Structure formats: structure tokens, C-alpha cells
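Thank you for making time this morning. I would like to walk you through one structure, beginning with the overall picture and then moving to how some of its parts pack together.

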Amino acid sequence: MFYEHRSSQENLDEIMNDMEKLRAKLSKEIELLKDQNDIKKIEKLTAINLESIKLCIWKDSGLYASDRLRVRIDGSDMLFNLIKEHPAIKGGIPQYRDYNFLIVDISEDNESLNKEQFSSFIDRIASLDEETHQENLRRVEQNRKTETALFALLERIGIHRSYYGYATKRSSKKTEQHYSFSHEIRGQIPTHYDDQKIEKRKAELVRQFAELYDRELSKVREARRAKEKEEADRLANKKLALLLAKYDLDLESEWSDVLDRILEKNKYLRLAHYLRMNREDWNEGDWYARRGLDQFTIETEKDKDIYDDISRYTGEGWDFDGRVFRDCSYNYDVLFSMAADQDGDLYRDYETVKESSDE
């Protein structure tokens, strides 16, 4: 380059311009080298152990099988090889014989313990997955750089991602169309991975376990309640049959018939019964208390005291509060005690009838 026939300023300007062109060229070459350096071999992602875990309800089969329901925990060979190397990972969850699955019995008594053990098991697996998780995050970041650099290089050498053409044979005008290679290339480069994958998978597994456990436990409870009711009905029917025979009632009689027969046999028991009914329900005013008094016969001075004490809270003395028959001098507790002292066997039968007929 020759600058001697120009002024010093012109020569300086041209030198600066040439240097700027050289700098831009060098920068472009450096960027190209940098992009090429970022194009590294694509790294595949490794599945974490938590992803392989599957849950289902399982019932044992075979000649000696029990009726117990269980939550079955399945997983990959890699997971169970890890468990065999480190048995403590299970944390109390039994492995079924020599098969690759774990079991948790569905039990009312151990519900909290079983859920806690499963949650702890998941936590332990998650801690072992952490290294793989972090490596996947690193690989995804590198794959993204590779993808960016690769498409930058393709664009630089003149490979276009789109073109103008007809969308279909019947199209009348050209529009921008996209080549499929871009999508196909991206499909082979793992660039999507959730940085919260472990925490989300942990939460999902714990939720699934609780749902399975609770659903089947409700069936266990329902079956137990049905069995208990069946047993209670059987015992109640047996008690009823014995009382029917004891009080000379026919087989068609019910609990209410036995109750009436028992109340007929002791006036204190009968009065106490109706006073307690009035304490529990005064929607009809003092009706129950008056009914109890109607058949209460006065035979002693104490009987008169009882009648006078209770009657002053009925009729014109009724104050629209059934609790008075709990608090008056001869309240139903006092009268029940008198009846029990007179005939303990009768009073026990009364309690049996009340207990059975109220259920």
C-alpha cells in the first residue's frame, strides 16, 4: 500500500480503515473457530432411578396365598442391583422373595409407618440420583451449545432452513416453507431436561402411593365394618332371643316389646327412662315426663316426695328446658340407682335392651 502522495491525515484514515477491516475479518475467523469448537459429540441423557419406579396394587397368589392387599413397587434392574448392593436403601420395606419388586402391606394399624417408610425410601433413592441428575444438567447445557453452533455453521455455509414454494399442488402462490431437516436434527439432540425433575418425581411417587394406599385401605375398613356389624347383629339377635324367652314374649316380638315388658316391672325404672328421654328431647315439651308420671303409683312417703319433686317441673311449672330432669332432686340418675338396687338383674337387662336397640 502506498500513502506518500496523500496528506498525512488521509494516509492515517486509510490505515485505520484497513485495520478495521482486518480486525473484522479476524473476529469472524475467531467466531468461526469458536463455533466449531462448541460442536462436540452429542451426549445422551441417563435415566434416574426414580423414573423407573412404578406402583400398583398386588395380591399374593398360590396355594398358601393370603388375602392381604399390598402396594407393589417395581423398578429397573439397575435400581434393584443397587438395592442388592445396599440393602439399607429399602429402610424396612420387604423385598418379595427373590423377585425384583418390593411390597408394602396395606394395614390400618401401620398406615402412618408404611407411608413414612415409603417416603424415606424415595428420599434415599433421590439422593443416589443426584449425581446423575447434575450430570444430565451439564450434558443438556453442552448439547444446547452444540445445537446453536451447528445451526450457525449450517447458516454460514449457505444451508437455509426455509425456502419459498407452494405449500400444496393446489396452492396458487408461493409462501415461506421450512425444511424438515431442522426439526429432525433437533430431535436427535437432547436439550430439554427439567432441573426440578427429582423433586417433582419424588412428590408424584409419594402422591401415587398415598392414593393407592388410601383407596385400598378404605375397602379394608369397609370390609372390617361390615364384618363387625354382622357379628354385632348376630350377638344382638342372640341376646334378643334369650330376652324373649326370659320375659315370655313370642318370637315375632322386637326390642321395643322387651323394653315395654321390662319397664312394666319397675316403676322407678320406668319413670327414670321417660325423664331421660325428656332430657334428650324436649321438642314436645314435658310430654315424656308427664307420661312417666301418669303410671307412677304412690305407695310410700318417698314415692310422694318423688312425684311432688318431678311434677312441679311439669304442666304449669314446665320451663321449656329438659335439663331440669337431670338436675332435680329425684333426677333420672337417682331413680336408675333405686331401680338397680331393687332388681339388679332387671336393670342389667334394661341396659342390654337400650344398648342393642340404640345401635
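Let me start with the contacts across the chain: among contacts in the protein with a separation of 6 or more, residues 24 or more positions apart account for 63%. Please keep in mind that what you see is a predicted model. The protein has 359 residues, of which 33% count as buried, and its secondary structure comes to 13 helices and 5 strands.

Next, the packing of helices. Helix H7, residues 255–264, and helix H8, residues 267–280, pack at an angle of about 125 degrees, with their axes 7 Å apart, and this angle makes H7 oblique to H8. On the H7 side the contact is made by Leu 259, Ile 262 and Leu 263, while H8 contributes Leu 269, Arg 270 and His 273. Sorted by class, the contact of H7 with H8 has 4 nonpolar, 1 polar and 1 charged residues.

H8 also packs with H10, here at an angle of about 10 degrees and with the axes 13 Å apart, and H8 and H10 are therefore roughly parallel to each other. The residues that make this contact are Lys 267, Tyr 268, Leu 271 and Leu 275 of H8, together with Asp 303, Ile 306 and Ile 310 of H10. By class, the contact of H8 with H10 divides into 5 nonpolar, no polar and 2 charged residues.

Finally, a word on cysteines. How many disulfides does the structure hold? The structure holds 0 disulfides. As for how accessible two of the cysteines are, Cys 56 has a relative accessible area of 29% and is therefore partly exposed, whereas Cys 328 counts as buried because its relative accessibility is 3%, under the 20% cut-off.

Note on methods:
Residues are numbered from 1 along each chain as its sequence is written. This is a predicted model: local features need pLDDT of at least 70, side-chain atom pairs count only at pLDDT 80 or more; totals for chains, interfaces and linings use all residues. Side-chain values use heavy atoms; hydrogens and water are left out. A disulfide is a pair of cysteine sulfur atoms within 2.5 Å. Buried means under 20% relative accessible area, exposed over 50%, partly exposed in between (1.4 Å probe, protein chains only). Axes are lines fitted to C-alpha atoms, for helices over the stretch in contact, and angles run from 0 to 180 degrees between N-to-C directions. Helices (H or I, at least four residues) and strands (E, at least two) are DSSP runs, numbered from the N terminus. Angles under 35 degrees count as roughly parallel, over 145 as roughly antiparallel, 65 to 115 as roughly perpendicular and the rest as oblique. Contact means heavy atoms within 4.5 Å. Ala, Val, Leu, Ile, Met, Phe, Trp, Tyr, Cys and Pro count as nonpolar, Asp, Glu, Lys and Arg as charged, and the others, Gly among them, as polar.
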